[in-house]
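Colleague: I would like to learn how one reads a structure such as this one, step by step. Could you take me through it slowly?

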Amino acid sequence: MDNTIKHDFEPKIIAFVCTWCTYAGADLAGTSRMQYPANVRVLKFPCTGRIDPVFILKAFQQGADGVLVSGCHPGDCHYIAGNFHARRRFAAFRKLLEFIGVDLNRLQFSWVSAAEGGKWVEVVTDLTEKVRTMGPMVEFKELALEEQWSGAIDTPELREAYDAI
Amino acid sequence: MSTQPIDTSIYTTITAAIRTEASRLFTAGEIVAIVGYAAARRKGAAQPIIITDAAAAETLVFTESCVNNLAVYLTKAKKEIPKNGKIGIIVKGCDLKALVGLMGESQLKREDLYLIGIPCAGVLASTAQPATELTTETIASKCCECDAHLPLGCDFVPSIAFPPGPQLESRYSAEIARLEALTPAERWAYWKEQFAKCIKCYACRQVCPFCFCEQCLCDRNKPQMVDTTPRPAGNTAWHIVRAMHLAGRCAGCAECERVCPMDIPLNLLNRKMAKELKELFDYEAGFEVNDTGPLTMFTEKDDQSFIK
Amino acid sequence: MQKYISEQNLNTLIDTLIAAGTRVVAPRMSAGIPLYEPLDSSAEMATDLLPRRSAKEAFFPVCEEIMSYEKEGQQIKLTDVDPARFPETVLVGVRPCDAAAIPVLDAVFSWDYKDEFFLERRRKTTVIGLACTTSDDACFCTAVGLSPVESRGSDLFLTPLEGGGYACETWSEKGEALITSNSALFSDLNGAAPMPLAAPQVDKIELNKVKAWLDEHFEDPLWDGIAVRCVGCGACAFVCPACHCFDIVDEGTEKAGKRRKSWDACGFWKFTHHASGHNPRDLQPKRYRNRIMHKFKYYDDKFGQTLCTGCGRCVRICPVGIDIAQIIEDISRKD
């Protein structure tokens with residue numbers, strides 16, 4: 001049965017999750033047959049402490065419209081303190097992205113435990129719908145098509161690609 | 001505010017004092033080399049120099065053109081400097097902060113260094129010609145917000161009575177406030193224009209005392225996290241990564257900004273991060289030797305209002 | 001051919017060219033610094049400023065696409081960039097030191113391999129040089145045998161005149177064609193004297209002596225002395241009008257991407273880093289030696305030219321104050 005609604009814009013959401021809590025939580029949502037948007041692409045990491053800010057940057061550069069980073073609740077880290085370190089790092093990284101001019105509504109952090117299938121669904125749905133109303137993340141895509149003036153060949157093909165964003 | 005001159009007459013006394021001290025150190029055999037400044041061909045210009053004997057002590061100078069942070073020569077990124085004994089280094093207050101950071105990161109040992117501190121009234125901005133008079137206009141932006149005119153904890157500091165200086169405008173704080181007041185789209189447009197100029201000469205990285213990695217993430221190609229070509233996309237990624245890697249470590253010597261041949265205001269990013277880390281974690285880099293920085297430690301009570 | 005053109009007519013010429021779809025590149029302010037960039041109108045031109053980067057990027061871009069690839073299943077589609085698409089360009093207000101570097105680049109890009117990207121842009125570009133009336137203490141064109149009125153590399157050369165306007169001299173068919181097709185904007189010279197020219201305060205350096213010394217001194221303590229302060233960035237090479245090393249990289253994903261050519265510099269540690277991990281130029285003095293050797297010996301050996309036009313950009317921007325004019329002067333005085 002297809003009960004999904006057709007939208008004009010399906011955002012691409014990249015989720016960087018830790019394997020011990022959030023990945024297991026997402027798995028629980030699946031085995032419990034909970035519905036959540038298929039927009040999310042999950043990438044599994046050992047720990048949120050392993051998630052380098054450059055991954056988030058790369059995700060946006062490669063066409064993500066929204067990014068989710070999720071791991072164990074404070075105190076539950078499999079490696080004891082990985083998520084505490086991540087918390088500080090992302091607190092700082094958010095401020096940097098904000099200063100560069102990235103809309104922070106596209107970047108969500110969450111703690112989702114292995115038992116919180118419901119919370120996973122809620123977090124993913126909220127982010128997807130929020131980003132859907134915001135529209136595509138054009139900034140990084142535009143950037144990827146730009147050249148230094150001297151290297152630019154302003155061809156119709158390039159113009160078409162640019163307008164297609 | 002009208003342009004006012006800044007009194008740099010103390011620099012003559014300082015030059016004489018560091019020459020005498022350098023000569024004494026070599027004669028007494030206390031050190032093997034001094035990293036300092038010497039005059040260059042262009043009128044008023046100065047350049048870094050490494051001297052290894054007392055005879056060369058006379059070439060040392062300190063003027064308003066002594067802009068470099070010499071700490072970069074002591075990092076492992078600079079393999080050309082002999083490290084077979086105690087090394088003397090001429091440091092301004094801002095440079096000393098970098099050394100303090102490097103000691104905290106186990107890159108240097110205090111006992112291997114002989115610190116010759118400079119009571120500093122300020123140096124010239126990169127936009128000023130070397131022979132320009134130091135004024136409230138031509139002074140480097142970092143000097144306007146300097147809180148370390150007199151370096152503390154050095155082995156030798158020329159004793160100088162500081163002449164009173166004019167009030168200086170806080171240029172970075174003002175510019176950060178201006179940018180913060182803009183919308184994200186306006187800020188993005190601002191930085192896009194700035195980063196578009198970047199030619200990836202990596203001068204900002206090469207002069208940074210904290211960019212001592214044997215191999216920079218941005219030079220690696222498996223995986224290629226940051227595009228290496230000087231295009232707007234790779235440039236933006238590079239400058240974001242650079243600012244992030246320096247967050248909590250950079251103490252504001254502003255060398256990155258000074259050396260940028262394209263005049264990208266790089267220190268704005270560093271000052272913004274320093275400001276945020278002060279607000280978030282009450283941390284300021286460069287004042288004491290800490291073996292952990294704000295992003296390599298945590299407390300259980302850290303703010304997580306941004307996390308669902 | 002010698003003609004006169006007023007400032008106003010030069011602006012008209014530029015606006016006419018732009019209106020006709022020609023790309024006009026000239027010094028203009030761009031995000032706070034002067035650069036050679038395409039103009040939208042003559043009002044943007046700022047010829048009194050020496051651009052921070054040289055004019056070489058009009059032929060040899062900072063970064064350019066040379067090919068793109070797409071993969072679908074087992075099918076791989078490669079698409080070449082067609083140089084025929086490069087726009088017709090007029091470079092205006094090029095400093096003599098920048099213009100003189102163009103023939104230097106011609107030599108290397110049309111040597112054993114004909115670089116069609118460079119040569120096609122070169123073919124489609126008319127260079128209008130402009131004499132210098134000001135200089136600073138980093139300028140040293142006269143030290144390397146050029147001058148503020150050096151016309152080498154220019155198709156058309158402008159000299160500012162007392163009382164306004166320019167004396168306009170043609171040095172090639174391209175330059176003559178530009179005048180012929182816009183003859184209404186040019187008139188005969190009115191006998192006005194040229195403005196006083198810039199006079200860089202440097203002595204002429206005997207480059208043959210520099211080369212003779214370099215021929216014999218690949219190993220010399222001098223290199224350690226100079227380059228110990230070099231921090232290994234690429235700023236000097238990137239602002240240089242004559243440096244022409246480049247790197248080629250593939251950027252993209254396994255599905256699609258581009259092959260790009262971008263500026264590279266011998267100052268970088270990575271420049272000679274082998275895949276094995278070995279680096280023949282492991283320390284900065286060896287890399288800096290290459291910079292001097294290439295400019296004043298290797299290029300001379302191969303093409304009979306010097307790879308330096310004395311623009312002084314590297315002297316102005318070197319983070320650690322390395323002064324190439326001082327270095328070659330010192331070398332020329334050695335036995």
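**Reading domains, contacts and confidence**

Modeller: Let us begin with chain B, where the C-alpha centres of domain 1 of chain B and domain 2 of chain B lie 25 Å apart. The domain assignment places domain 1 of chain B at 10–144 and domain 2 of chain B at 171–281. Please keep in mind throughout that this is a predicted model.

Colleague: How many residues does each domain of chain B bring to the contact between them?

Modeller: A contact between two domains can be read by listing the residues on each side, and here 19 residues come from domain 1 of chain B and 16 residues from domain 2 of chain B. On the domain 1 side, helix 2 (93–104) and helix 3 (141–144) of chain B each supply at least two residues, and helix 2 of chain B gives the most, with six residues. Sorted by class, that side of domain 1 has nine nonpolar, six polar and four charged residues.

Colleague: Which domains does chain C have, and how far apart are their centres?

Modeller: Chain C is divided into domain 1, written as 2–62 + 82–185, and domain 2, written as 207–332, and the C-alpha centres of these two domains of chain C lie 26 Å apart. Their contact takes 24 residues from domain 1 of chain C and 21 residues from domain 2 of chain C. The side of domain 1 of chain C that touches domain 2 of chain C has 17 nonpolar, two polar and five charged residues.

Colleague: How should I read the contacts between one chain and another?

Modeller: The approach is to count residues on both sides, then ask which elements supply them and of what class they are. Between chain B and chain C, 32 residues of chain B are in contact with 32 residues of chain C. Strand 2 (46–51), helix 5 (184–196) and helix 6 (203–206) of chain B each supply at least two residues of this side, with strand 2 of chain B giving the most, four residues. The residues of chain B that touch chain C divide into 15 nonpolar, six polar and eleven charged.

Colleague: What does the contact between chain B and chain A look like when it is read that way?

Modeller: That contact takes 33 residues from chain B and 34 residues from chain A. Helix 5, helix 7 (232–246) and helix 9 (266–281) of chain B each supply at least two residues of the side that touches chain A, and helix 7 of chain B gives the most, with eight residues. By class, this side of chain B has 23 nonpolar, two polar and eight charged residues.

Colleague: Which residues touch the most other members of the largest nonpolar core?

Modeller: Of the 241 residues in that core, they are Ile89(B) and Ile90(B). If residues up to four places away in sequence are left out, Ile89(B) touches Ile34(B), Val35(B), Leu70(B), Leu74(B), Leu113(B), Leu115(B) and Ile116(B).

Colleague: Is Lys200(B) buried or exposed, and why?

Modeller: A count of C-beta neighbours settles such a question, and Lys200(B) counts as buried because it has 25 of them inside 10 Å, where 20 or more are required. Lys200(B) is found in the loop between helix 5 and helix 6 of chain B, and its phi is near 55 degrees, a positive value in a residue other than glycine. Ala31(C) also has a positive phi, near 45 degrees, and is placed in the loop between strand 2 (23–30) and strand 3 (33–38) of chain C. Ala31(C), however, counts as partly exposed because it has 15 C-beta neighbours inside 10 Å.

Colleague: What can be said about the overall form of chain C?

Modeller: One compares the radius of gyration with what a compact globule of that length would have: for 335 residues this is near 20 Å, and chain C has 21 Å, which agrees. Along its principal axes, the C-alpha trace of chain C spans about 65 × 65 × 35 Å. Chain C has ten helices and eleven strands, and buried residues make up 49% of its 335 residues.

Colleague: How confident is the predictor in chain C and in the complex?

Modeller: Chain C averages a pLDDT of 94, and 100% of the residues score at least 70. For the complex, the predictor gives an ipTM of 0.93 and a pTM of 0.94.

Key. Residues are numbered from 1 along each chain as its sequence is written. Chains are lettered from A and ligands numbered from 1 in the order in which they are written. This is a predicted model: local features need pLDDT of at least 70, side-chain atom pairs count only at pLDDT 80 or more; totals for chains, interfaces and linings use all residues. Two residues are in contact if their C-beta atoms, placed from the backbone, lie within 7 Å. Ala, Val, Leu, Ile, Met, Phe, Trp, Tyr, Cys and Pro count as nonpolar, Asp, Glu, Lys and Arg as charged, and the others, Gly among them, as polar. A nonpolar core is a set of buried Ala, Val, Leu, Ile, Met, Phe, Trp, Tyr and Cys residues joined through C-beta atoms within 7 Å. A residue is buried if 20 or more other C-beta atoms lie within 10 Å of its own, exposed if 12 or fewer, and partly exposed in between; C-beta atoms are placed from the backbone. Domain bounds come from an automatic or database domain assignment. The radius of gyration is taken over C-alpha atoms; the globule rule is 2.2 Å times the number of residues to the power 0.38. pLDDT is the predictor's confidence in each residue, from 0 to 100.
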